[in-house]
Amino acid sequence: MTAFGKLVRTTAFRLTLVYLLLFAMFAASLLAYFAWNTRRLINEEITQTVNAETSEINEIYGRRGLRGLVLAIEYRALRPGANLYLVTTPTGQAIAGNVGSLAPGVMATRGWSETAYKRIEDADERNHRALVRVTELENGFRLLIGRDLDERRRLFGIVAKAAQWSILIVVVLGLGGGIFVARRVLTRIDAMSGTAHRIMTGDLSERLPVGRSGDELDRLAENLNAMLERIEALMAGLKEVSDNIAHDLKTPLTRLRNRAEEALAKSGSEVDYRAALERTIEESDGLIRTFNALLMIARAESGQARGNMDDFDAADVAGGIHELYEPLAEDDGMTLKVRREPTPVHANRELISQALANLVENAIKYGKPVAQTGGTVVSMDSRQITIEAKREGDQVLLSVTDRGPGIPEADRKHVVERFVRLEASRTLPGSGLGLSLASAVATLHGGELRLGDAQPGLVATMVLPARTGAGDRVAPPIPDVPQKVA
């Protein structure tokens with residue numbers, strides 16, 4: 001398709017043609033209305049003038065008779081102007097006036113008529129138009145008084161010429177403006193199409209051009225760019241997950257295979273086979289938990305869990321997690337405390353419970369106080385883990401605080417990524433998905449996961465939007481049975 005063909009097929013050009021047609025019709029209607037009203041005003045003015053003059057002539061005829069009438073007509077006919085006068089006998093013979101010829105039958109018809117005529121003094125053969133009134137006098141004489149319509153004709157010519165030039169200017173400017181707008185829009189659309197083509201070839205870093213006008217195309221480009229950024233982030237996350245699965249799950253799978261192979265290679269007793277199967281089952285459970293965590297993170301990041309949101313009190317979730325993990329903390333020599341206040345939220349209870357459970361498990365696993373040199377006794381306060389649910393303004397804060405070594409500030413942005421584990425924690429069991437899930441759950445609910453310094457220790461806080469409304473009812477609590485994700 002040629003460039004001009006593309007141009008005339010654009011929506012902008014077609015809309016311009018439609019508006020051009022409408023504007024031309026409006027201009028033509030306006031000029032026609034002006035011309036019609038001008039014609040009416042001229043006719044009214046002629047009518048009033050002729051009626052007044054006819055009354056005067058009739059009065060003169062009544063006072064002075066035919067001779068006075070003829071003298072008055074001859075006098076007025078000699079005056080310069082566009083007025084017409086004619087007096088005829090009952091037989092139709094002209095006896096006074098400045099009219100040389102009329103259309104047949106005009107003098108025989110009383111009243112108003114528009115006719116062609118010639119003046120007596122006209123040298124050319126061209127007929128003129130006039131609006132005349134014929135009245136019958138006493139004794140059968142007839143009187144014609146009228147006015148030439150050349151002024152009306154000239155005015156109509158001016159209006160017609162103005163209409164022609166106006167329509168021509170409108171068409172030229174309209175087509176020029178339509179071509180300019182269509183080319184501008186077509187250029188931007190072509191740029192967007194080129195960017196979209198490069199994106200389809202695999203370059204997700206491309207973005208649609210955004211101008212400075214802030215028009216609908218700019219707003220569309222901004223929304224599409226935001227969508228592309230989201231798609232790029234999801235694709236990068238998918239690639240990261242694939243790489244991490246290939247890297248981090250290879251070791252447990254290899255270990256699982258080696259143990260099974262070792263159990264088959266060695267001819268041991270039933271006890272040895274049973275121990276090998278138990279280790280295999282334990283390793284398989286760890287893999288299943290890892291895959292469940294990945295599925296839960298993907299579910300949170302894709303927004304699929306938004307359909308299962310409900311109103312509940314986050315303080316009940318904090319209490320349930322405390323009750324569930326308090327024995328586990330005591331077995332590890334830790335103390336688990338809870339502080340809570342009414343904190344109504346509208347969220348997915350299952351995901352909130354799972355995320356808070358992950359934070360508590362991490363605190364129990366990694367929040368043990370650092371061993372002191374010189375035989376210093378570790379205080380019970382340093383072994384305490386605190387779960388807290390509170391409200392600050394329009395936000396709900398669910399936090400878990402420990403007194404362990406904490407996380408260096410430089411590493412806090414990376415520990416929420418999948419399978420990321422710091423060097424100090426690699427000797428402990430886990431997959432590095434706990435904080436990733438908590439971050440994904442907080443983001444799903446329009447919040448965020450904040451990692452701060454407890455001096456010493458780590459405070460991990462899920463910031464969620466609070467539910468507002470004094471009349472809201474909190475849904476009855478349901479049992480929280482979180483899966484373990486380290």
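Reply: Buried means under 20% relative accessible area, exposed means over 50%, and partly exposed lies in between, with a 1.4 Å probe and protein chains only. Helices (H or I, at least four residues) and strands (E, at least two) are DSSP runs, numbered from the N terminus. This is a predicted model, in which local features need pLDDT of at least 70 and side-chain atom pairs count only at pLDDT 80 or more, while totals for chains, interfaces and linings use all residues. Residues are numbered from 1 along each chain as its sequence is written, and side-chain values use heavy atoms, with hydrogens and water left out.

Me: What is the mean pLDDT of the protein chain, and which element has the highest mean pLDDT?
Reply: The term pLDDT is the predictor's confidence in each residue, from 0 to 100. The chain has a mean of 79, and 81% of its residues reach 70 or more. Among the elements, helix H1 (residues 3–8) has the lowest mean, 65, and the highest, 93, belongs to strand E11 (residues 395–401).

Me: How many contacts beyond near neighbours in sequence does the stretch 372–378 have in the model?
Reply: Contact means heavy atoms within 4.5 Å. Over residues 372–378 the pLDDT is below 50. Beyond near neighbours in sequence, the number of contacts of this stretch is two.

Me: How far apart are the end C-alpha atoms of helix H3?
Reply: The expected span of a helix is 1.5 Å times one less than its number of residues. Helix H3 (residues 150–200) has 51 residues and should therefore span 75 Å. In agreement with this, the distance between its end C-alpha atoms is 73 Å.

Me: At which residue of H7 does a kink lie?
Reply: The bend at a residue is the angle between axes fitted to the seven residues ending there and the seven starting there. Helix H7 (residues 314–331) has a kink of about 40 degrees, shortly before the proline Pro327. The residue at the kink is Tyr325.

Me: Which residues of H7 are buried, and against which elements do they pack?
Reply: The buried residues of H7 are Ala314, Ala315, Val317, Ala318, Gly319, Ile321, His322, Tyr325 and Ala329. They pack against strand E7 (310–313), strand E8 (335–340), strand E9 (344–347), helix H8 (349–366), strand E10 (384–392) and E11.

Me: Which residue caps the N-terminal end of H7?
Reply: A side-chain oxygen of the capping residue lies 3.0 Å from the backbone nitrogen of Ala315. The residue that provides this cap is Asp313.

Me: Is Thr401 buried or exposed, and why?
Reply: Thr401 is placed in strand E11. Leaving aside neighbours within four places in sequence, Thr401 is in contact with Gln384, Ile385, Thr386, Ala454, Leu458 and Val459. Because its relative accessible area is 18%, Thr401 is buried.

Me: Why does Arg119 count as buried?
Reply: Arg119 lies in strand E4 (residues 111–119). Beyond neighbours within four places in sequence, its contacts are Gly81, Ala82, Asn83, Leu84, Asn98 and Gly100. Arg119 counts as buried because its relative accessibility is 14%.

Me: Which two residues does a cis peptide bond join?
Reply: Most residues other than glycine have a negative phi, and most peptide bonds are trans. In the loop between E12 and E13, Gln455 is found, and its phi is positive, near 50 degrees. The cis bond, with omega about -5 degrees, joins Gln455 and Pro456.

Me: Is Asn139 buried or exposed?
Reply: Asn139 is found in the loop between strand E5 (128–136) and strand E6 (142–148). Its phi is positive, about 70 degrees, although Asn139 is not a glycine. At 63% relative accessibility, Asn139 counts as exposed.

How values were computed:
A polar contact is a pair of N or O atoms within 3.5 Å; within protein, one must be able to donate a hydrogen and the other to accept it, and residues adjacent in sequence count only if both atoms are side-chain atoms.
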